[in-house]
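Subject: Handing over a structure

Dear colleague,

I am passing on the structure below, and after it I set out what was found. Please have it open while you read.

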Amino acid sequence: MTLVNHQKRFEEIFPGIWVATLPIPGRRPGPVNVYLFTGEKNVLVDTGARNTATLAKQIFRNSGFELKDLYQIVATHGHLDHYGAARRLIKWSEGRAHLAAHPEDAPSILNGREAPLSAYAAYFRAMGVPVLLRLLMLPLMFMGKFMAEPCPVDRLLKDGETIRMGNYDALVVSTPGHTRGSICLYIPSRKILIAGDHILAHITPNAFAMIETNGALPLRLSQEEYYRSLEKVLALSPEIVLTAHGKAVTDIGKMVAGYKTSFEKRKEKLFALIGGRETSVYRIARRLFPELGGKRFSLDLFLAISETYTHLQILEKEGKIVMEMRGQRLGLITK
Ligand SMILES: [Zn+2]
């Protein structure tokens, strides 16, 4: 990973609201934006990954801020690039800062992953991933250790509560979909929404399959929850959406309409791909994303399977397909 061209200091985008961008591996979704609120309570929203903690510390110093003045870190959700450096930053704050997140993502943050490896293994087996690829999946799981240090969550944030960030009051908005415990933070006085990965300008955010810790099939309908959460933030009518990756969004209505169109198109395409014969999620994911190719287990394949499965859940709910376990594998067929 190259650290060239990273930002050297925070940039003030609104009075007392600062942004810095930290690198993460891979092309998508690209570098992560972390936001610092200064004033009455100094609060950092998201941290970047573990391996850029030192860089984050330098950015604090270069900008004339002291980590020991940090009151709170808020993780918008339990993905590695959003909380990975929290433990170190808290240590460098001489233990003064504490971590806040939604209770449903607190276990991911505390354990460094959403579910035990055995649960992931059962999930990939059910999706029909060939055995060799499942073995190759393990290093990917260990990459998590490099990207994030597990960290206890000291404060659990509730939907609808107001927290002080800098000199602003921010409303905690629970927005499940991307993960179980994703949150957005809304500042009514400025009509600013801090969206984490719930809204991104350059790609449609992923509504990840929510892995069950006991190895059962993911039951929650991530896509349905995701679109319901979008309506929730739309109703707030934010004028500026500060995203965790890429540019800010100024026309949230247009952005959400675009997500919906691509969701419907993908669902139709999936239905057509299944055809008359029984198949597996893995085979359909390969057909939906032919560019993946190869026989290696990449992060992109992980995402493709999750994307395929969560759309199939909706097709099943609409009564268009049937998904049934065949031994340890999930079989799917059109009705
Ligand atoms: Zn995320």
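This is a predicted model: local features need pLDDT of at least 70, side-chain atom pairs count only at pLDDT 80 or more; totals for chains, interfaces and linings use all residues.

Residues are numbered from 1 along each chain as its sequence is written, and side-chain values use heavy atoms, with hydrogens and water left out.

The zinc ion has His77 (NE2), His79 (ND1), His178 (NE2) and Asp197 (OD) as its protein donors, at 2.1 to 2.3 Å, and along the chain they follow the spacing H-x1-H-x98-H-x18-D. His79 sits in the loop between β5 (72–74) and α2 (80–83), and Asp197 in the loop between β11 (192–196) and α7 (222–234), so this pair ties together parts that are 118 residues apart in sequence; helices (H or I, at least four residues) and strands (E, at least two) are DSSP runs, numbered from the N terminus. Asp197 counts as buried because its relative accessibility is 6%, where buried means under 20% relative accessible area, exposed over 50%, and partly exposed in between, with a 1.4 Å probe and protein chains only.

With kind regards

Conventions:
Donors are N, O and S atoms within 2.8 Å of the metal (3.2 Å for Na, K and Ca); water is not among the atoms, so sites may look incomplete.
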